[in-house]
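Dear colleague,

My notes on selected residues and on the aromatic side chains follow it.

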Amino acid sequence: MAAMDTPMYAQVAIEQVPGRLFTYAVPEGAEVRVGQSVTVPWRRVYHRGYVIALSAECPYVPKAAPEAQGDLFGEAPAPRIKAIERVEDPLPYFSEGTIRLLRWMAEYYDVGFTLALRSALPAPVREGRSQARERYVVAPVLPPPPHLPPLSKRQKALYEDIVRVDGGLLARLCEEFSTTAPTIRRLAKMGYLTCERKEAPRSPLAGRRVLPSQPLPLTASQAEALGVILREERPVLLFGVTGSGKTEVYMQAIAATLEEGRGAIVLVPEISLTPQTVSRFAARFGGQVALLHSALSDGERHDEWHRIRRGQARVVVGPRSAVFAPVRRLGLIIVDEEHDTGYKQDESPRYSARDVAVMRAHIEHARCVLGSATPSLESWRNATELGKYALARMPDRVGGAELPSVTLIDLREAGKPGEPSPIFSEPLIDALKGCLARGEQAILFLNRRGYAPTYQCAACGEPITCEHCAAKLTYHAKDDTLRCHLCGRWRRPPAKCPTCGAPLFRPLGVGTQRVEQALGKILPQARVIRMDADSTGRRHSHDELLSAFRAKEADILLGTQMIAKGLDFPNVTLVGILSADRSLNIAYDFRAAERTFQLIAQVSGRAGRGVLPGQVFVQTFQPEHPAIRAACACDYERFAADELALRRAQGLPPFSRLACLTLTGPDPAALERAAGEAARALARTPGLETLPPMPAPLERKDDLWRWQLLIKAPSSLRIARACHALRPPDARTEGPVKALLDIDAVFLA
């Protein structure tokens, strides 16, 4: 807190002015703390900002001073030091540890500090939207005073129901107990209840019935893994096969953390996993659990975030942005399915939530657990070769369940000569029929949505492409549209080919909609739920679809990668992977084999997780590929050893750091010149290896052309500093050519 005996100065980050920090005087008598939200004057307008640092010495240095040149936190000259107008909230929005984390992010990912700060605040909180609302809250008076008038039989039953649920919102009690507001207010007037207008947080878990759960007995490997987590100061890589009980280990580690008076964050890679995961944690930890993700309403995100900040919730569950949750006295961060690319942000700042979690745990002296049945090669090497992480193994499924049997099907031999390969091989069809006959459930996986990925002229063979992107349009049969999965634009199928004028078209390839249609013909009695980006656009749709499948309202769950991991359905005994090698055929992706192995192993792990044995059918055109064979054998360590040997020989991650510098603009010639200049400038930096610049694999997106430079170095920080020195940060997003730097790049398209 600022001492008021001597003048104090605050460095403030202003949301509307990215890339700079500003110095303001602390008003005499004001209590100002690091992390608080404040209102400050800037260019005759008042703006919201956040106190980043306090000092008794004025830290202001004009930008023109030689020592300030190239400073990431350099400030614009000001005629005088203005004062903070007011403190918006005495409780800080950021801890000093979080500010240290954001400073690290700004330097590591080469972004302005304010941009890093924005990533740590949900938009409704940052923009002041969805302020907390007041609603009538009912609470029972316990015990009821003896002098109160007697209740009728119906009034007594209602009072006992309200006591049983410990009161709640008036509107919700009326709905739950089929009564009216005047009836409840009558009980309040009689003295049995209180009914007051209070601030009522909007909870995403409201109305959800969650039965309490108790800790389960641990297997020997679970107990050993928990011991490693609780005693290690290093991050722990929890390497456990699918179904080995990692979630129970997580929950018992959280329980130990809560007993220490500290909080926990649990990261999951997909929003689709969040409802199932949060239900399990809410059953164990009750009202201490908060949920954070982008599918919540603005009001729910606002209220959940502030509930965490005030210390009312100590366990946070959510996808990558939850890594910044303002948990008080953070003691544990869990990154479930740590290998998943969903942890990589695809907009600036392009951070990896897994790496940010490791750094935040280090800064706040918290434990960090990275869990996966198929760890990323970076984490595996950190644990097995470099000793940066501790390794805990869980090689067996709980309850004596066996890993599913795997059948590999060569699609080159599945169809008739001269005809396209079928969507379903005969063995898979027979297995589906048997599964349905036994009353069991199946999961079918195809990582491609829509009806057909190509809509081609039957005469000249030209595909219909997006007018704004260098991409083929995907045909969606449900609404008879051609859609671009890059920019989101759509159009109706043309009457004639724009190239040759022929009126005939044919959809090529297979998407989830086409599979759903084929299932209706082969298994007309089967009830199918399709789960992809097209069927889950509505709020709560993830939860509703998975709940329906869990309730056995469907026989087959068909979906893309959102069903590939983390889901646990005891009645699923059959998994079919319809095209296992699709992710292998990406020429520019050196991680293609790793992604393929992970997808097959993770999807296969959904089968046989209960008492019933499981079986998996893997359809592929490349049955001899090492990644596919290793995945079918559930042999991660063999795959990792072979793949690491290849990466070591080629100097690729994890044996180097890789960044992708993407230049975008409307003029391809200007882009080519700018890419050449950047490559020559970077070539002068010792220790950097820059591949020749070239058009990006996706050469045009949303009317902008794209060029890329791939940069390798022993250190990501070295790459960031070299790219930062090319041009001042403010100039990097101005003019016809924009540069986007992706440190530790995962996607190279």
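**Findings**

In this predicted model, R307 is found in helix α10, which spans residues 298–309. R307 has a relative accessible area of 14%, and because buried means under 20%, R307 counts as buried. Leaving aside its neighbours within four places in sequence, R307 is in contact with G287, V289, A290, Q312 and A313.

A search of the whole structure finds 18 aromatic pairs. One of them joins Y93 and W305: the ring centres are 5.4 Å apart and the planes stand at 50°, so the pair is tilted. Y93 lies in the loop between β5 (86–87) and α1 (96–108), while W305 lies in helix α10, so this pair ties together parts that are 212 residues apart in sequence. Both partners may be described in terms of accessibility. Y93 counts as buried at 8% relative accessibility, and W305 counts as buried at 2%.

A further pair is formed by Y455 and F505, whose ring centres are 5.2 Å apart; their planes are at 15°, so the pair is stacked. This pair also links distant parts of the chain, with Y455 in strand β18 (residues 454–457) and F505 in strand β22 (residues 505–508), 50 residues apart. Y455 is buried, as is F505.

Aromatic residues also come together in a group: F239, W380, F597, Y636 and F639 form one aromatic cluster.

Finally, I would draw your attention to V618, which lies in strand β26 (residues 615–620). Is V618 buried or exposed? With a relative accessible area of 0%, V618 is buried. Apart from neighbours within four places in sequence, the residues in contact with V618 are V406, T407, L408, I409, I577, A580, I600 and C632. V618 and S604 are 14 residues apart in sequence, and their C-alpha atoms are 8.8 Å apart in space.

With kind regards

Technical notes: Residues are numbered from 1 along each chain as its sequence is written. This is a predicted model: local features need pLDDT of at least 70, side-chain atom pairs count only at pLDDT 80 or more; totals for chains, interfaces and linings use all residues. Side-chain values use heavy atoms; hydrogens and water are left out. Helices (H or I, at least four residues) and strands (E, at least two) are DSSP runs, numbered from the N terminus. Buried means under 20% relative accessible area, exposed over 50%, partly exposed in between (1.4 Å probe, protein chains only). Contact means heavy atoms within 4.5 Å. Rings of Phe, Tyr and Trp (its six-membered ring) pair if their centres lie within 6.5 Å; planes under 30 degrees apart count as stacked, over 60 as edge-to-face and the rest as tilted.
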